[in-house]
Amino acid sequence: MTSSARPFLNRRLAEFGTTIFAEMSALAVRTGAINLGQGFPDTDGPEEIREAAVRALRDGLGNQYPPGPGIPELRTAVAAHQQRRYGLSYDPDTEVLVTAGATEAIAAALLALLEPGDEVIALEPYYDSYAACIAMAGGTRVPVTLRPHDGAFRLDLDELRAAVTDRTRLLLVNTPHNPTGTVLTREELTAIAELAVERDLLVVTDEVYEHLVFDAAEHLPLAGFPGMRERTVTIGSAGKTFSFTGWKVGWITAPPGLVTAVRSAKQFLTYVSAGPFQYAVAEALSLPDSYFDALRADLLAKRDLLASGLAEAGFEVFRPAGTYFVTTDIRPLGESDGFAFCRALPERAGVVAIPNAVFYDHREAGAPFVRFAFCKRTEVLEEAVRRLKSLPV
């Protein structure tokens, strides 16, 4: 026991306590509520990919430390995926790095690329690890807020340009965007690319929901825009695409200098991880287009089921163009405080959701918005909708 009055947690992380996901998941367990808060599926991914992991275990593949950059089979599969899907060519030996999920990829990239005091522009609301990783790297986060407009959340490009200063080092971009479900358009991405080139900025782009896009939306990797390949670290992940979130297999693709920098930080985080699962994910990335088409179709039907049910229950619904989250506005229900609403919802309706305000620096901007996940079985979503319709309007 120390006699010092100094707090144990350093100042950079003092604002970050237990995540809202842990709090709300614990509340779901305690109350028996349906958990539409944390974004994980309630079914496993393809049987043949699970069997590939079992086969790797039995054959002794990856049971000891895999290579630091990731097994060659997975790095080759990632490079082939980027080429096949987007026409982006990467050398699997020098331009691909396997990570412990996308979260480690984000942390390693920011720790490697930022100096203390560097400014990082991120699209608010943002995944909560962004803020923590920027803080751990000693950077300063500068939020640019996506705001509701015509039933969706949109980026104000003038606000983005105005946020860049002489201290800006990096843009942290997420598309498809969690939690709003926005998919940045070609015009928006073109403007971001032109700004990055003009101001000589690095870009880290989180594209883990790349295969979860609906309707007329199209995922366009930022690295494919003029002048961007040489300055962009692209992050991908197996968890969202293949419904194996517990495997924690992610990756980055970037030019050799950026990969070397990120690996320099990554080696002192997990060093390596998920050995046998890397072999399985390598096979998963080679699944036929029919798998990805079926995944989108299944999630589209679930999106429409939940979005329509929420609207009937009295929420204002922002129907997402991507991801597996629906953002709602609770003000039509006579509510305005998302935290209070979500903490009471399990007792009131037997459903757990997440208050979007946790994803904002400007908490007041996110106060009336609440996020629901639809990566659940159809019967679970139907029961959640039935319960939510009992809320008084």
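The buried residues of α7 are Glu188, Leu189, Ala191, Ile192, Ala193, Leu195 and Ala196, where buried means under 20% relative accessible area with a 1.4 Å probe and protein chains only. This is a predicted model, in which local features need pLDDT of at least 70, side-chain atom pairs count only at pLDDT 80 or more, and totals for chains, interfaces and linings use all residues. Residues are numbered from 1 along each chain as its sequence is written, and side-chain values use heavy atoms, with hydrogens and water left out.

Helix α7 spans residues 186–199, 14 residues in total, and reaches 20 Å from its first C-alpha to its last, close to the 20 Å expected at 1.5 Å a residue. Its buried residues pack against β6, α6, β7 and β8. After the helix comes Asp200, with a positive phi near 55°.

| Element packed against by α7 | Residues |
|---|---|
| β6 | 152–154 |
| α6 | 157–163 |
| β7 | 168–174 |
| β8 | 202–206 |

The largest cavity has a volume of about 50 Å³. Its lining (residues with an atom within 4 Å of a point) consists of Gln82, Glu207, Glu210, Thr234, Ile235, Gly236, Trp251 and Thr253. Two elements, β9 (232–237) and β10 (250–253), each give two or more residues to this lining, and β9 provides the largest share, three residues.

Note on methods. 1 Å grid on protein atoms, 1.4 Å probe; cavity = no way out; pocket = protein on both sides within 12 Å on 5 of 7 lines; lining within 4 Å. Points joined across faces, edges and corners; volume = space filled by probe spheres on them. Helix = DSSP H or I, 4+ residues; strand = E, 2+ residues; numbered from the N terminus. Expected span 1.5 Å × (residues − 1). Buried < 20%, exposed > 50% of the residue type's maximum accessible area, 1.4 Å probe, protein only. Contact = heavy atoms within 4.5 Å.
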